[in-house]
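This report walks through one protein chain, from a single residue out to the whole fold. The sequence and structure come next.

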Amino acid sequence: MRQRFVNLRIPDHGNDVREAEILVDGGRIVALAAPADGDGGDEERIDLGGALVLPGVIDGHVHFDDPGFTHRETFASGTRAAAAGGVSCVVDMPCTTLPPVTRGSALDNKLSVIRPKAHVDFMLWGGVCENSMAEPDWREHLREIAEAGVGSIKVYMLSGMDTFRDLGREQLRAVLAEAARLGVPVGVHAEDRELVHALTERLRSAGRERPLDYAASRPAEAEINAVATMRQLCRETGARVHIVHVGTGRALDLIAGAKEEGLPMSGETCPHFLAFTDEDLAAQGAVLKTAPVVKSAADQKRLWQGVASGELDYVATDHAAGQWPEEKHTGSIWTDYGGVPGVELMLPYLYSEGVRKGRITLERLVEVTASAPARFFGIERRKGRLAPGLDADLVVFDPDETWTVRAGELHNLNRYTPHEGQLLTGRVRALYVRGRLAYQRRAGGEHFAPPGTGEWVRRESRC
Ligand SMILES: [Zn+2]
């Protein structure tokens with residue numbers, strides 16, 4: 001089936017846009033044409049009413065908790081929220097699933113559960129944890145998931161999960177050496193566990209219970225120390241190292257320095273680090289509790305610079321919703337669930353507060369939400385740009401609609417957000433995944449493609 005998307009604009013250089021038509025055949029873009037080129041013929045014409053069309057967002061960091069923790073999220077609810085947020089492909093973490101994706105059989109099991117539920121395309125992270133390394137054939141298990149096509153391998157230097165425990169320096173070195181051999185990148189939760197454990201113990205035993213006491217248990221130094229360790233291990237092993245959810249300006253400086261040194265190191269930050277600081281944590285409490293935790297206004301400013309300059313490679317949400325309200329209001333900031341839902345708001349947030357406020361260009365928005373994550377996960381020949389040969393993943397975006405974020409209107413399972421009440425300008429009107437309508441907001445309601453229409457996407461190249 002040939003489709004011709006007409007009456008639309010696409011991003012060009014900087015903040016420029018140009019009018020175009022997008023020709024799609026069999027779910028792939030076959031041409032970008034100037035309006036009125038070509039002769040129509042036997043094709044479906046889809047008039048987008050002058051909307052801005054962006055490449056489908058790739059959210060490289062989500063926790064959809066399925067199978068295993070489906071009181072927090074399910075693959076159905078998570079991918080519905082993704083579709084409503086213009087996200088055509090999510091990359092789901094291996095640790096918040098039971099059994100964790102640390103071997104081929106767990107990957108197969110997860111796929112059998114989530115495939116029938118997916119409303120958008122998805123990739124999977126694999127992982128290595130202390131639990132999996134306790135088995136003598138952990139390298140064989142790592143090879144199984146790398147060869148199956150996971151996007152990247154997740155490890156923790158500090159984990160709060162008994163089912164996916166953190167690794168020490170020598171274990172990290174062994175995983176990096178193996179990953180380098182297999183040609184798969186390693187994504188690292190980088191916080192200094194000894195420092196955080198010691199501070200946590202001290203603060204909790206002193207009876208400190210304010211949100212900022214939790215922040216004090218995970219200071220900037222925890223991330224800075226850990227990133228410095230990873231930079232050294234990257235240098236020693238040659239592995240492709242990616243730091244997830246960077247929240248600290250000086251950690252970003254270390255990543256930028258590693259790049260200057262020619263090391264294969266990269267980083268992502270999250271909308272909550274760009275949007276909020278410790279002052280917001282003091283005001284909002286557990287709703288904004290995440291791990292790592294939001295930092296200072298100076299860190300926030302430096303992160304925006306890093307997103308604009310390319311020192312940070314892309315933005316991902318770390319979408320992780322706790323059961324609401326039970327897990328977010330346990331009676332203590334120490335036991336409240338650490339995580340916020342984010343997949344639905346990333347694109348409108350970055351457009352509104354990034355592009356419209358002059359912090360990043362429209363061209364850079366496309367890079368950090370689509371093109372750069374596609375390259376990192378080895379799917380750049382399939383997704384991440386509006387270009388012939390690639391999947392027709394199209395976000396139909398209204399850049400002028402101003403709207404108010406309301407948690408109750410989100411589509412994920414547990415609906416709360418630190419953005420509650422925020423005015424944003426720019427909103428997703430529809431999403432096409434491989435040329436097929438996955439989401440549409442219409443007068444009188446919303447339309448979603450059926451569950452099971454999302455496809456598993458595998459890493460296509462070695463890093
Ligand atoms: Zn995460």
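## A valine and its surroundings

V91 is found in strand β6. The model is predicted. V91 counts as buried because 24 C-beta neighbours lie inside 10 Å, and the cut-off for burial is 20 or more. Beyond residues up to four places away in sequence, V91 touches D59, G60, H61, V62, M123, W125, G151 and F377. S105 is 14 residues from V91 in sequence, and their C-alpha atoms are 19 Å apart in space.

## The chain as a whole

The protein chain has 14 helices and 17 strands. The C-alpha trace spans about 70 × 45 × 40 Å along its principal axes. A compact globule of 463 residues would have a radius of gyration near 23 Å; the chain has 21 Å, which agrees. Of the 463 residues, 54% count as buried. Take the contacts between residues at least 6 apart in sequence: 76% of them join residues at least 24 apart.

The largest nonpolar core has 140 residues. Which residues have the most contacts inside this core? They are V53, V120 and V395. V53 is in contact with L8, R9, I10, I22, L48, L394, V395 and V396, leaving aside neighbours within four places in sequence.

## The open sheet

An open sheet is formed by 8 strands, in the order β3-β2-β1-β4-β14-β15-β16-β17, with mixed pairing. At its edges are β3 (28-33) and β17 (445-448), each of which pairs on one side only. From one strand to the next, the twist averages 30°.

Strands of a sheet pair through backbone hydrogen bonds, in a parallel or an antiparallel sense. The table sets out both.

| Hairpin | Bridges | Residues between strands | Positive phi in the turn |
|---|---|---|---|
| β1 and β2 | 8 bridges | 5 residues | G14, about 60° |
| β2 and β3 | 5 bridges | 2 residues | G26, about 60° |

Strand β1 covers residues 2-11, and R2 stands opposite D25 in β2. Strand β2 covers residues 17-25. V24 has I29 in β3 as its bridge partner, while L23 has A31 in β3.

## Helices on the sheet

Helix α1 (residues 75-84) packs on the sheet and touches β15 (423-433), β16 (436-442) and β17. The direction of α1 makes about 70° with that of β16. Helix α13 (residues 346-355) also packs on the sheet, touching β14 (394-404) and β15. Its direction makes about 135° with that of β15.

How many of the residues of α1 are buried? The count is 10 of 10, so by the cut-off of 20 or more other C-beta atoms within 10 Å the helix is mostly covered. The buried residues are F75, A76, S77, G78, T79, R80, A81, A82, A83 and A84. What covers them includes β5 (57-62), β6 (87-92), α2 (104-114), β15, β16 and β17. Strand β6, one of these covering elements, is the strand that holds V91. After α1 comes G86, with a positive phi near 80°.

Technical notes
Residues numbered from 1 in each chain as written. Predicted model: local features only at pLDDT ≥ 70, side-chain atom pairs only at ≥ 80, totals over all residues. Pairing = 2+ DSSP bridges. Helix = DSSP H or I, 4+ residues; strand = E, 2+ residues; numbered from the N terminus. Axes fitted to C-alpha atoms, helices over the stretch in contact; angles between N-to-C directions. Contact = placed C-beta atoms within 7 Å. Core = buried A, V, L, I, M, F, W, Y, C linked by C-beta atoms within 7 Å. Buried ≥ 20, exposed ≤ 12 C-beta atoms within 10 Å, placed from the backbone. Rg over C-alpha atoms; globule rule 2.2 N^0.38 Å.
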